[in-house]
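Please work through the exercises below with the sequence and the coordinates open beside you, and try each task before you read its solution.

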Amino acid sequence: MDLNADLGEGFGIWRLGDDEALLGLVTSANVACGFHGGDPSTMRRVCEGAARRGVAVGAQVGYRDLAGFGRRRIAYDFAELRDEVTYQLGALNAFCRLFGTRVRYLKPHGALYHAASTDESQAAAVVAAVTGYDPELPILCLPGSTLAQLAVGAGLPVVAEAFADRAYLPNGALVPRGTPGAVITDPEQVAERAGRMATERVVVAVDGTVIPCSVDSICVHGDTPSAVSAAELVRATLIDADIPLAPFA
């Protein structure tokens, strides 16, 4: 099983999350590319740390919306979104190359993640960017989403992920942020959910519905105050269950 987290989301003097601690726990790092968070120096620092620890670097591409942290939906023109995703891929890969590694996958961030899960135009723009940049680059996304379907149709590798620290609706979608209980902050609860995802291949929705959850990567958000504790417990839970941890890419 792969364990991923969103990293490098600080900006300038502002630090968000403990990148160094999380790099010692995860197997894949979704690195902000400067649009929703991150900046060149942060990207360089996280790429260097990931390369040193053997952590796979993924481009966490988002809307060009630093003020809203990429969590406000934007109605993009297809070509503009395609080009902005391409731009972010190239920027992050430049820093990867400095340390003998490369971008190994792409994962949308925030509002783009959710939009591409259902909106065919935005999903197609992400797919077009990846196809043009590297047709062998995996896309990390919700299983069964519009993005996953279009990526498979384009011949791109797709990796299904689940969120140990996010609540689910009965239809398999995430509970929208801003809704009470949408983000799960108790590290023990996060670890218990991750354990069920990995061993039973299920997740329990907010109404008690048991949803099939066959995934290859589990995410813990790096911007929550309990992220490091949660990642430590998730890692320990998976190891105790004899589930090998390794990057999918």
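The exercises that follow concern a predicted model, and each solution goes step by step.

**Exercise 1. Strand β1 and its neighbours**

Task: Determine which strands pair with β1 in the parallel sense, and decide how its residues are placed on either side.

Solution. Begin with β9, because a pair of strands needs at least two bridges under the rule used here. Strand β1 (residues 2-7) and β9 are joined by four bridges and pair in the parallel sense. Within this pairing D2 stands opposite S217, and the bridge partner of N4 in β9 is C219.

Next, turn to strand β2 (residues 28-32), which also pairs with β1 in the parallel sense over four bridges. Here the bridge partner of N4 is S28.

Finally, consider the two directions in which the side chains point. In a regular strand the side chains alternate between the two faces of the sheet. From β1, D2, N4 and D6 point one way, whereas L3, A5 and L7 point the other way, and all are buried. The strand is therefore mostly covered, with six of its six residues buried under the cut-off of under 20% relative accessible area.

**Exercise 2. The two faces of β9**

Task: Are the faces of strand β9 (residues 217-220) covered or open, and how many bridges join β9 to β6?

Solution. Take the faces separately: S217 and C219 lie on one side, I218 and V220 lie on the other, and all are buried, which leaves both faces covered. Then look at strand β6 (residues 158-163), which runs parallel to β9 and is joined to β9 by three bridges. In this pairing A162 stands opposite I218.

**Exercise 3. Salt bridges**

Task: For the salt bridges K107 with D6, R45 with D19 and D65 with R72, find the distance of the closest N and O atoms and the exposure of the partners.

Solution. Side chains of opposite charge can pair when their charged atoms come close. The rule used here asks for a nitrogen within 4 Å of a carboxyl oxygen, and by this rule the count comes to twelve salt bridges.

Step one: in the salt bridge of K107 with D6, the closest N and O atoms are 3.7 Å apart. The pair links distant parts of the chain, since K107 lies in strand β4 (residues 103-108) and D6 in strand β1, 101 residues apart. Both K107 and D6 are buried.

Step two: R45 forms a salt bridge with D19, and their closest N and O atoms are 3.4 Å apart. Because R45 lies in helix α2 (residues 40-53) and D19 in helix α1 (residues 19-23), the pair ties together parts that are 26 residues apart in sequence. R45 has 22% relative accessibility and so counts as partly exposed, whereas D19, at 7%, counts as buried.

Step three: D65 and R72 form a salt bridge with the closest N and O atoms 2.5 Å apart. D65 counts as buried because its relative accessibility is 8%, while R72 counts as partly exposed at 46%. Salt bridges that share partners also join D6, K107 and E161 into one network.

**Exercise 4. Helix α7**

Task: Compare the span of helix α7 (residues 187-199) with the expected value, and find what its buried residues pack against.

Solution. The helix has 13 residues and reaches 18 Å from its first C-alpha to its last, close to the 18 Å expected at 1.5 Å a residue. Its buried residues are P187, V190, A191, R193, A194, G195, M197 and A198, and the buried residues of α7 pack against β6, β7 (202-204), β9 and α8 (227-240). Just after the helix, R201 takes a positive phi of about 60 degrees.

**Exercise 5. Aromatic pairs**

Task: Classify the pair Y63 and Y76 and the pair Y113 and F163 from the distance and the angle of their rings.

Solution. The count comes to four aromatic pairs. Y63 and Y76 form one that is stacked, at 5.4 Å centre to centre and with 20 degrees between the planes, and both residues are buried. The rings of Y113 and F163 have centres 5.5 Å apart and planes at 85 degrees, so this pair is edge-to-face. It links distant parts of the chain, with Y113 in helix α4 (residues 110-118) and F163 in strand β6, 50 residues apart. Y113 and F163 are buried.

Terms used. Residues numbered from 1 in each chain as written. Predicted model: local features only at pLDDT ≥ 70, side-chain atom pairs only at ≥ 80, totals over all residues. Heavy atoms only, no water. Buried < 20%, exposed > 50% of the residue type's maximum accessible area, 1.4 Å probe, protein only. Salt bridge = Lys/Arg side-chain N within 4 Å of Asp/Glu carboxyl O. Expected span 1.5 Å × (residues − 1). Contact = heavy atoms within 4.5 Å. Phe/Tyr/Trp six-rings, centres within 6.5 Å; stacked < 30°, edge-to-face > 60°.
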